[in-house]
Amino acid sequence: MDETERPGERRRVSVAKRLAEPDESPVELPASKVRARTRRDFLFWTAGALVAAGGFWWLLPDETRERHLTPAMRDWLDSLEARVGADRLRRERFLNRVLTFDDDVAEALYSPTRSVRTYSRSEITPLKNNYNGATPKPDYLPGWTLTVSGLASGRVERLTIAELLGRFALHDQVTRLFCVEGWSAIAWWGGLRFADLLQAYSPVSGARWAKLESSVNLDAAGGPDPYYVSIDLPTARHPQTLLATHLSGKALPVEHGAPLRLLAPMKLGLKNIKAITSIAYSVEQPADYWNERGYSRYDGL
Amino acid sequence: MRIAEKEHPAATRKVVVRHHALVRLAHWATLPVLFGLIASGLSIYWASPVNQHPVNPATGSTDYLADLGIWISHPPPGTAADPGAWLYDRFGLGTFRLAQALRLHWLFAYLFMTVGLLYAIGLALGGGYKALLPRRSDLAGALAMLRYYLGAVPAKLLRRPWPHPPVKSKYNPLQRIAYLAMPLLGLLAVASGWAMHKPVQLKWLERLFVNYEGARIIHFWTMVAFATFVIPHVVLVIADGWDTFRSMVTGWSYRVGGRYGRD
């Protein structure tokens with residue numbers, strides 16, 4: 001934007017000078033130059049507007065596209081965009097990369113020594129049963145065991161709730177549970193520390209992940225729909241990460257994951273799996289139910 | 001464009017450079033990014049609206065935004081479509097789009113922060129922020145501008161003279177307040193956004209908004225404030241004329257003498 005620039009003479013201009021607020025005094029320029037620059041800037045602006053509009057169309061979810069324009073226009077736009085490589089497959093890959101990037105930011109922000117904010121019992125709010133499908137019938141409770149695998153010992157441990165309650169110290173905490181949907185609830189939880197279980201049954205060397213699974217989860221129609229989440233071991237080792245057995249001082253009710261659920265208050269609620277039936281440690285990152293359905297994977301708050 | 005210029009190859013034109021290239025770039029880049037943030041944000045909001053009321057027995061709605069959609073669309077009785085989704089379908093990505101909306105919201109949020117950071121750095125290093133700093137006389141000046149805008153149309157209809165208050169600086173007082181408020185609003189949107197996104201690791205930020213719910217409420221209302229700003233902004237640019245619009249594209253204005261008594 002340097003108007004005194006002469007052809008064939010390029011001067012070095014400092015960053016501060018380049019960024020300097022334009023001088024408000026009028027300058028007299030050849031009309032042809034004004035026209036050429038105006039044309040150039042408007043062409044640039046139009047190109048930008050087209051790229052932005054095209055980019056928007058590319059990024060829109062398919063279901064959202066269905067509600068806009070006519071089918072013929074949609075087809076025309078889609079084939080035009082596919083010609084420059086902006087197809088659905090690329091869109092999914094790109095947006096999933098955005099999710100991974102945001103997860104990486106969350107992981108970088110995580111500190112194992114940072115405590116989660118706790119509340120007093122007078123601040124407790126109602127906690128709804130947010131089972132994704134139907135709430136399981138309590139008949140799974142009498143035969144319930146926790147299977148722990150991926151251990152250094154090479155064994156597969158099966159623990160009953162009585163064994164867990166008898167062997168490990170119970171801890172209380174009043175923390176907020178954050179749902180990915182936006183609501184949150186402050187509740188009083190009690191349970192054993194995940195870190196204590198890790199200490200008692202050490203994972204295979206090099207293990208960085210735990211896959212927590214509930215085989216008793218149901219879909220909306222009441223059919224079996226096993227639920228599983230991946231938890232990184234730094235999160236599992238946090239002193240406020242509980243394998244909760246109690247809610248409001250009483251044994252966990254079925255709708256909140258009896259007899260054992262995860263309470264990782266530094267993770268989204270969807271990681272706080274209910275009615276855990278197995279824990280498997282692994283070196284590789286395990287599958288995650290909601291990640292397979294388009295949500296993030298690390299879910300650190 | 002102009003015949004006189006074509007006739008004379010040596011013709012000159014007096015211009016005044018009004019907007020730095022970085023300001024123009026930030027301005028136009030913000031437009032689609034903000035649009036994307038609002039569209040995806042509405043679909044996230046739908047999943048659990050923070051401004052809720054007890055169930056309305058007639059509509060089954062607990063959400064003021066859904067109510068607004070119902071009120072605007074006036075659904076004919078017996079229609080199958082969910083009238084509560086009207087607003088979310090038109091201004092958002094639609095209902096039941098949470099996973100897709102979240103990904104898009106993060107994309108646009110990181111773009112928004114990048115553009116905002118570039119703008120802030122440019123303004124800080126180049127001294128452009130000085131034109132936005134409030135002055136002692138701005139409150140009275142802003143009221144005078146408001147009075148001018150509100151009376152401009154009636155005065156025109158009554159064919160009465162209605163002089164523009166004199167402007168002695170780059171922006172008039174109302175503009176100065178609005179153009180300073182926008183970056184600050186952006187900062188508030190980013191701060192409340194991070195407070196909601198990372199309330200555990202950034203718990204000091206969450207505390208700044210009292211709690212998580214506070215951050216959610218503020219974040220929602222920054223969206224409303226942005227959307228509200230756009231309306232008078234566009235109306236006034238159209239009213240002010242082509243030169244104003246062009247100056248945000250090319251940077252320069254042909255109004256060298258100052259149209260409103262500017263020196």
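Analyst: Happy to! Two residues are in contact when their C-beta atoms, placed from the backbone, lie within 7 Å. This is a predicted model, where local features need pLDDT of at least 70 and side-chain atom pairs count only at pLDDT 80 or more, while totals for chains, interfaces and linings use all residues. Residues are numbered from 1 along each chain as its sequence is written, with chains lettered from A and ligands numbered from 1 in the order in which they are written. Helices (H or I, at least four residues) and strands (E, at least two) are DSSP runs, numbered from the N terminus.

Let's start with helix 7 (residues 173-197) and helix 9 (residues 212-240) of chain B, whose axes come within 9 Å and cross at roughly 150°. Because angles over 145 degrees count as roughly antiparallel (under 35 is roughly parallel, 65 to 115 roughly perpendicular, the rest oblique), helix 7 of chain B is roughly antiparallel to helix 9 of chain B. Axes here are lines fitted to C-alpha atoms, for helices over the stretch in contact, and angles run from 0 to 180 degrees between N-to-C directions. The crossing is left-handed, meaning that the near helix is turned anticlockwise from the far one by less than a right angle (clockwise would be right-handed).

From helix 7 of chain B, the residues in this contact include B:M182, B:L185 and B:A189; from helix 9 of chain B they include B:I218, B:T222 and B:F226. By class, the contact has 13 nonpolar, 4 polar and 1 charged residues. Nonpolar covers Ala, Val, Leu, Ile, Met, Phe, Trp, Tyr, Cys and Pro; charged covers Asp, Glu, Lys and Arg; the others, Gly among them, are polar.

Now for the two chains together: 54 residues of chain A are in contact with 49 residues of chain B. On the chain A side, helix 2 (31-59) is one of the elements that give two or more residues, and helix 2 of chain A supplies the largest share, 13 residues. That side divides into 31 nonpolar, 8 polar and 15 charged residues.

Strands also link the chains. Strand 1 of chain A pairs with strand 1 (residues 12-17) of chain B in the antiparallel sense over 4 bridges, where pairing requires that DSSP finds at least two bridges. Here A:V27 stands opposite B:V15.

Within chain A, finally, an open sheet of 5 strands runs in the order 3-2-11-6-7 with mixed pairing. Strands 3 (157-159) and 7 (227-232) of chain A each have a single partner strand, so one side of each is left without a neighbour in the sheet.
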